[in-house]
Amino acid sequence: MTVREITVVGHKALHQRTKRVKEVTDEVRALVADMFETMEAADGVGLAANQVGSRLRLFVYDCPDEETGERRVGHVINPVLEKKGAPGVADPEHDLEGCLSVPGESFPTARPDWARVTGTDLDGNPVELEGTGLFARCLQHETDHLDGVLYLDRLSARYKRESREAIKDRGWEAARITRWDPSAGKAEDV
């Protein structure tokens, strides 16, 4: 297993839709293993394939489920998202969302409180994940990535302005930083 570099906001790969996985190959299995290793090194709760340079439609997760108190760990190939309810207004205290592709930053992001994802696992078995709270947020966030949408795209006007300023202050574009290596340091140091 290998820790892969994570694509940083501004890279075109983060705004492109991913492609369905047609066949699970040894390369796909290696990608999933690498993504778990990368997510752990980056201290994340989810990671989509396009964040590590793959155009395949899959994500991994290791996320606490607030409802059950358990850790939910797994992967989903070709996920389809269903959500209920309107996102409402983001609560600055309870709706903070971050992203490994926007390292060291977080902003209040309105999301529906319930989500379900269906897809398959590496062996072709059906996967159905359902959750509320943080786990629902994770399912929506990772599926958004695979559709070419960053959580920054979902921010209210106020927080979009703040995110643009924070990204500019980080200097990633000026320094032409397009990736970061989670094995080399913390996200806040990028």
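In which sense do β2 and β3 pair, and over how many bridges? The two strands pair in the antiparallel sense, over three bridges; strands are taken to pair if DSSP finds at least two bridges between them. Helices (H or I, at least four residues) and strands (E, at least two) are DSSP runs, numbered from the N terminus. The model is a predicted one, in which local features need pLDDT of at least 70 and side-chain atom pairs count only at pLDDT 80 or more, while totals for chains, interfaces and linings use all residues. Residues are numbered from 1 along each chain as its sequence is written, and side-chain values use heavy atoms, with hydrogens and water left out.

The strand pairing can be followed onward from β3. Because five of its seven residues are buried, β3 is largely enclosed by the rest of the structure; buried means under 20% relative accessible area, exposed over 50%, and partly exposed in between (1.4 Å probe, protein chains only).

β4 (71-84) in turn runs antiparallel to β7 (residues 114-120), to which six bridges join it. Glu-82 has Arg-116 of β7 as its bridge partner. Seven bridges then link β7 to β8 (residues 126-132), again in antiparallel fashion, and Ala-115 is partnered by Gly-131 of β8. A second hairpin is formed by β7 and β8, with five residues between the strands. Its turn contains Gly-124, with a positive phi of about 85°.

Turning to the helices, α1 has 17 residues and reaches 24 Å from its first C-alpha to its last, close to the 24 Å expected at 1.5 Å a residue; the expected span is 1.5 Å times one less than the number of residues. Its buried residues are Val-28, Leu-31, Val-32, Asp-34, Met-35, Thr-38, Met-39 and Ala-42. Among the elements that cover them are β1 (6-7), β2, β3, β4 and β9. Asp-43 follows the helix and lies in the loop between α1 (26-42) and β2 (46-48). Most residues other than glycine have a negative phi. Asp-43, however, has a positive phi, near 60°, and counts as exposed at 70% relative accessibility. Arg-176 likewise has a positive phi of about 60° although it is not a glycine. Arg-176 sits in the loop between α3 (157-170) and β9 (179-180), and at 73% relative accessibility it too counts as exposed.

Helix α2 (residues 133-146) comprises 14 residues and reaches 21 Å between its first and last C-alpha atoms, close to the 20 Å expected. The helix is mostly covered, with 13 of its 14 residues buried, and is followed by Gly-148, whose phi is positive, near 80°. Where in the structure is Glu-142 found? Glu-142 lies in helix α2 and is buried, with a relative accessible area of 3%. Beyond its neighbours within four places in sequence, Glu-142 is in contact with Gly-46, Leu-47, Ala-48, Gln-51 and Phe-59, contact being heavy atoms within 4.5 Å. The side chain of Glu-142 also reaches the backbone nitrogen of Leu-47, at 3.5 Å.

Ala-49 occupies the loop between β2 and β3 (58-64). At 0% relative accessibility, Ala-49 counts as buried. Neighbours within four places in sequence aside, its contacts are Leu-31, Met-35, Ser-54, Leu-56, Leu-58 and Leu-146. Leu-31 and Met-35 are among the buried residues of α1.

Finally, the aromatic side chains deserve a look. A search of the whole structure finds two aromatic pairs, where rings of Phe, Tyr and Trp (its six-membered ring) pair if their centres lie within 6.5 Å; planes under 30 degrees apart count as stacked, over 60 as edge-to-face and the rest as tilted. Phe-59, Tyr-61 and Phe-135 form one aromatic cluster. Elsewhere, Lys-84 lies over the face of Trp-114, at 4.8 Å from the ring centre; a charge sits over a ring if NZ of Lys or CZ of Arg is within 6 Å of the ring centre and within 35 degrees of the ring normal.

Note on methods:
Polar contact = N/O pair within 3.5 Å; in protein donor to acceptor, adjacent residues only side chain to side chain.
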